[in-house]
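Here are my notes for someone opening this one for the first time. Have a look at the picture, then read on.

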Amino acid sequence: MLRIGKRFATEYTRVGAKSVAKRGYTPDSPKPQTIDYAQLLENNKIWAAAKVAEDPEYFKRLALIQKPTILWIGCSDSRVPPNETTGTRPGDIFVHRNVANQVIHADFNMLSVLQYAVEVLQVRDIIVCGHYGCGGVRAATTQTYSGLISKWIRHIKDTYSSHQAELNAIQDVHQRENRLVELNVEEQVLNLAQMGIVQRAWRRNGFHDWQHVSDAMPRLHGWIYNIENGLMKELPIDLNKVPEIYRLKFDDPLHPL
């Protein structure tokens, strides 16, 4: 749902609220109903006109350059839009989203985004953002076969298996799922830290000592979004948990930086 405050409300009224409401959409609907895809095009025209009215040069500037300083790896869930939940503008964040915010070493989609963000855009921070109530994480706690998605969430099941004693000790199902959401985010941040793309950038930026890995650029962060109150929180993640075998060396003359 696109919302741009009073300007949107004024224009929305002008173009005919009754017509739009019949499609199940109003700017202040607490529970969005089914939206006719054509209404998205109408909303876009209203939004673009409002942006130009507010700042005539807005789109001209936006078209000239893309220089975000943050890469966001988040969940595909429609309730967790990165820009809206962080109060940022188009162009501020480079975004990759998939089911349950996975960082998988064989996912060429994610790796392509990561490489472009790190080597071309030279982002300063990479955020893996999960959220409580994640359907992908919930599915990973079951023994139900779900077709192709079962292969994708297999990685979350691996995380569950690694922390089975801790998770099984949590009696409340809701709290157990929330804890797995947190563990999943931590695992994905550690996966990022194992990536040659990231470690190569660290080395180029002067990183040499794993004892100070938290200061390496780009910095890695794990966040959790709480859909019930709209707030983010950062998880304390120790990157020194990365096993020695994954800590790459770049002093080999056959494989220079």
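1. Let's start at Asn101, which is in contact (heavy atoms within 4.5 Å) with Ile73, Gly74, Cys75, Val128, Cys129, Gly130, Asn184, Val185 and Gln188, neighbours within four places in sequence left aside. With 1% relative accessibility, Asn101 counts as buried (under 20% relative accessible area, 1.4 Å probe, protein chains only). Asn101 sits in the loop between strand S2 (93-98) and helix H5 (108-120); helices (H or I, at least four residues) and strands (E, at least two) are DSSP runs, numbered from the N terminus.

2. A word on the basis: this is a predicted model, where local features need pLDDT of at least 70, side-chain atom pairs count only at pLDDT 80 or more, and totals for chains, interfaces and linings use all residues. Residues are numbered from 1 along each chain as its sequence is written, and side-chain values use heavy atoms, with hydrogens and water left out.

3. Now the sheet: five strands make an open, mixed one in the order S2-S1-S3-S4-S5, two strands pairing if DSSP finds at least two bridges between them. At the edges are S2 and strand S5 (231-234), each pairing on one side only.

4. S1 and S3 run parallel, with five bridges. Leu71 has Ile126 in S3 as its bridge partner.

5. Both Leu71 and Ile126 turn up again beside Leu114, which also touches Leu192, Met195, Ile197 and Val198, not counting residues up to four places away in sequence.

Definitions and conventions. Buried < 20%, exposed > 50% of the residue type's maximum accessible area, 1.4 Å probe, protein only.
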